[in-house]
Amino acid sequence: MGKLWVGPLLLAAALAAVGADRDIVPVYETKADLSPNNKVDEIVFATLKQKGIQPAYLCSDSVFIRRAYLDVIGILPTPQEVTQFLKDTDPAKRRVLIDRLLERDEFADYWANKWSDLLRVKAEFPINLWPNAAQAYHRWILASIRDNKPYDQFVRELLTESGSNFRVPPVNFYRAVQSKQPQTIAQTVALTLMGVRAEKWPKERLEGMAGFFSRIGYKETGEWKEEIVFFDPTKPPAKAVFPDGTPARIAPDQDPREVFANWLISPKNPWFTRNIVNRVWCWLLGRGIIHEPDDIRPDNPPQIPELLSYLERELISAKYDLKHLYRLILNSKVYQLSSIPRSDSEEAAAYFAYYPVRRLDAEVLIDALCQVTGTTEKYSSAIPEPFTYIPDGQRSVSLPDGSISSPFLELFGRPPRDTGLEAERNNRISAAQRLHLLNSSHIQRKLDQGPKLQYLLRNAKNPQGMVTGLYLLILSRFPTDQEWKAFVEYSQSGASTGRNAVMDLAWALINSTEFLYRH
Amino acid sequence: MWEKMDAMDTEKGLTRRETIHWGLAGVAALMAARRASAAKPAKAKSVIQIWMWGGPSHLDTFDPKPDAGNDYTGPLNNPIATNVDGIRIGELLPLLAKQADKYSIIRSMTHGINAHETASYMVQTGRPAGGRDVYPSVGAVVSLFKGYNAGYKGLIPPYIVLTEPQGRFSEAGFLGSRYKPFATGGDPAQTRFAVEGVVAPGISDQRQRARRDLLQRVDALANVLKSNPQVRSAKEAEEQAYELILGDAGKVFDLSQEKDEVRERYGRNTFGQSCLVARRLVERGVPYITINYKGWDTHKDHFPIMRRKLPELDKGMSALIQDLSDRGLLESTIIWWSGEFGRTPRVLWEAPWNGGRGHYGPVFSAVVAGGGFKGGHVVGASDAKGEEVKDRPVYPVDLIASMYELLGINSDGRLPHPMGQLALVLPTESEGVKMAGPLKEIM
């Protein structure tokens, strides 16, 4: 075990953190007051007060910019973006930054990847979309997010379109399923769009819902792997009952999927809006108001019901503009709390009294490593043979197809896109992952040969400039005096000198908790 | 220790409930059920799979057909006697010929598949490819039932592949990334075996230690969030990683600890030294090791390649068997030698092959030794030209079931399926998978 050495300031704070209250940790926190910024804050802070849970301090500007970039667009801010933001004296600068991030192209890339997990966009095994269709489906998802298509319309298109899997991409929804049995489709719809595990329902309810998906036809065309998904009136109609128990009235020539979609996307539907607001909350704050977000049951109630219903009302009145919801949550002080708790309460996490640290997603992590070193990765797909290789320079978050991968993505728990469950993404850190980051030739090569680091080393005016450059590049903040001193001591200790000492600092920073985790 | 990380719940990983639902409890229940009914304790503790990537010729290795004529034997028409009466093997395997009493040859392996991917899947899962699910390979199943969930405590991951993953299909299937093999990378025949992540060439131990100290110093957030369970588990993972990098655990890969004479006996090449590493891993209780031995897809230049590669195989594999036997480890270690299929018995003399052999799934050979398998036997037979099964067909599922029985793994048990569906360790006949039963004659 190495010698533990922390700056006296941080150490004092760490010790204080054990007790009931403590002073701020200046690198990560600010003393700004917690007067509510919006209704989200009013509800959550009132709940915390009532429960006697002390919320964390507000996070510092440097924590905020890094957090917002990672959570909203899945990349790190550049050193220039960081310094500009930190210099900016506009009291509304956090709001301005949020607005700007929501309009970036990377916003669509990042969230299209998220939706591609949930919708299982994958060429083969066990989902069999085939590469062309996976690409088309991903493009459609990406465009929908980029154009900020209202969420209810997005869902309507997923549920009701007919046509070729290559030409009418949302029909792939009915192909990206474990089987094309009406019950399996109903389970998939319930999981994805209602946040419900229909396999736990009484049998009749699942059968009733399956009735809406019993007249879907699939047929091949002359083109290889093209498949038409359509309403097939020659299939006998089945009895269709809405999950709330109301029998559906469907004319014989009417597509039952339309009837179901009309029911589902109505603002009055108890499942539809709740599912999406709870998920978005969970994606940004690491935990659903109902948790897990895709296991909503009467016996799994929301932690703060008022918050959930408020967000639902907001999304409905914004006509399902998801960016409105993002904006509301991101601008709340609840979202902007520090990740260092101020309460020992075991319920602090469930009531959002601090921002939870989470390991970067596999894709975000490798993209960040490429970003800070200026290197690229190789991605390939074994489907079909001969293997497909993706041109250098592609960010992994914008890979269109779950069958396109790399050993790093596999090792770091990228979802296999088999089931569409949120829990498919595995962000538990393992010893094998630690080993890879600490000591693999893959990471070492990125550090040794990364043009961005080379550039920094060549062009910094002095060692201070180098160290500052590394901190801005890798941790999105300036180093503290103690951190500077730590480096000076290290470079004088004889263990490693000159360029090696700087490279060792870069190595240590990319292996630090601050880099590997959202915080 | 690695299982601790895996079992640790974090908010975006599996929830406790799901972990229980999908895996741990199910596995525990299975183990309990099997213990209750298990008549025989497991004989085998580890498996060394020598995977002949690409498909080795059965005629030129363990099923010679000297009477089939030149169009079948090519120049290799002079099989040699072994130390077991009546068993002859290919002439390029003289060292293995002296050890035939320690292994058994199955000459009637069959599945009829001639494509690499689907045949690899069949041989290592017992199931035909193309179903809704991707099933886990034998290695992943063994690491499920004999790894951390079953009390394995080693720092070395329970499923190792030397040196590269097969790449034909996902070894872990629906069990997920946790059951994937740890691929060592590097080359054990080099002066220093640079196991990916364990050994970083060009970085001295001294600098490793200094860097580690530096990391402790600059890891400011970890120092403020010491009590956070995520940060704690990350630090534990880090310590385990360093046990491999700097501690004794990683020394298992350090072949300089072996005498030169031993290293020579195994052969100073990647395969031979991989066999030596495999023995060292078995000594430390690692339950499953795959030696991914490439280069057997010999469509062209077949015979020159055989003359080059078979002596390498002969040396490494015979040294491994002898060494395990000398150390008393053969009784508890299964060696499984097989490719995804055999090769066409009739030599393709015509262009563009000019003396090659193609893919051949109708009949091929496998070899098993140790872990409760008897040596000195031949199971089944191919016909006079090695083209069809003549006697006692053995399907991949039969061989796998036999290994599972020796390992104490219940083939009828359930695998944890991500959607909670019924998935058995091995298929039953009612699933339409051909089978002829375990290899009772050599168990």
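Where in chain A is Trp130(A) found?

Reply: Trp130(A) is found in the loop between helix H6 (105-118) and helix H7 (131-146) of chain A; helices (H or I, at least four residues) and strands (E, at least two) are DSSP runs, numbered from the N terminus. This is a predicted model, in which local features need pLDDT of at least 70 and side-chain atom pairs count only at pLDDT 80 or more, while totals for chains, interfaces and linings use all residues. Residues are numbered from 1 along each chain as its sequence is written, chains are lettered from A and ligands numbered from 1 in the order in which they are written, and side-chain values use heavy atoms, with hydrogens and water left out.

The backbone at Trp130(A) has a phi near 75°, a positive value in a residue other than glycine. Trp130(A) has 10% relative accessibility and therefore counts as buried (under 20% relative accessible area, with exposed being over 50% and partly exposed in between; 1.4 Å probe, protein chains only). Tyr320(A) also has a positive phi, near 60°, and is not glycine. Its place is the loop between H13 and helix H14 (322-330) of chain A, and with a relative accessible area of 3% Tyr320(A) is buried.

Cis peptide bonds come next. His291(A) and Glu292(A) are joined by a cis peptide bond with omega about -5°, and Glu292(A) sits in the loop between helix H12 (272-285) and helix H13 (305-317) of chain A. In chain B, a cis peptide bond with omega about 0° joins Ala351(B) and Pro352(B). Pro352(B) belongs to the loop between strand S9 (342-343) and strand S10 (359-360) of chain B.

Also in chain B, strand S4 (residues 103-109) has 7 of its 7 residues buried, so it is largely enclosed by the rest of the structure. S4(B) pairs in the antiparallel sense with strand S11 (residues 364-369) of chain B over 5 bridges; two strands pair if DSSP finds at least two bridges between them. Within this pairing, Ile106(B) has Ala366(B) as its bridge partner in S11(B). S4(B) also runs parallel to strand S12 (residues 378-379) of chain B, joined by 2 bridges, with Ile105(B) opposite Val378(B).

The two chains meet in a contact (heavy atoms within 4.5 Å) that takes 69 residues from chain A and 61 residues from chain B. Between them, chain A and chain B bury about 6,200 Å², 59% of it on carbon and sulfur atoms; buried area is the accessible area (1.4 Å probe) that two parts lose on being put together, summed over both. Arg428(A), Leu435(A) and Asn439(A) supply 13% of the area that chain A buries against chain B, more than any other three residues.

The rule finds 4 salt bridges across this interface, a salt bridge being a side-chain nitrogen of Lys or Arg within 4 Å of a carboxyl oxygen of Asp or Glu. Glu410(A) forms a salt bridge with Lys180(B), and the closest N and O atoms are 2.9 Å apart. Several helices of chain A each supply at least two residues of the side that touches chain B, among them helix H1 (8-18), helix H17 (431-439) and helix H22 (498-510). The largest share of that side, 7 residues, comes from H22(A).
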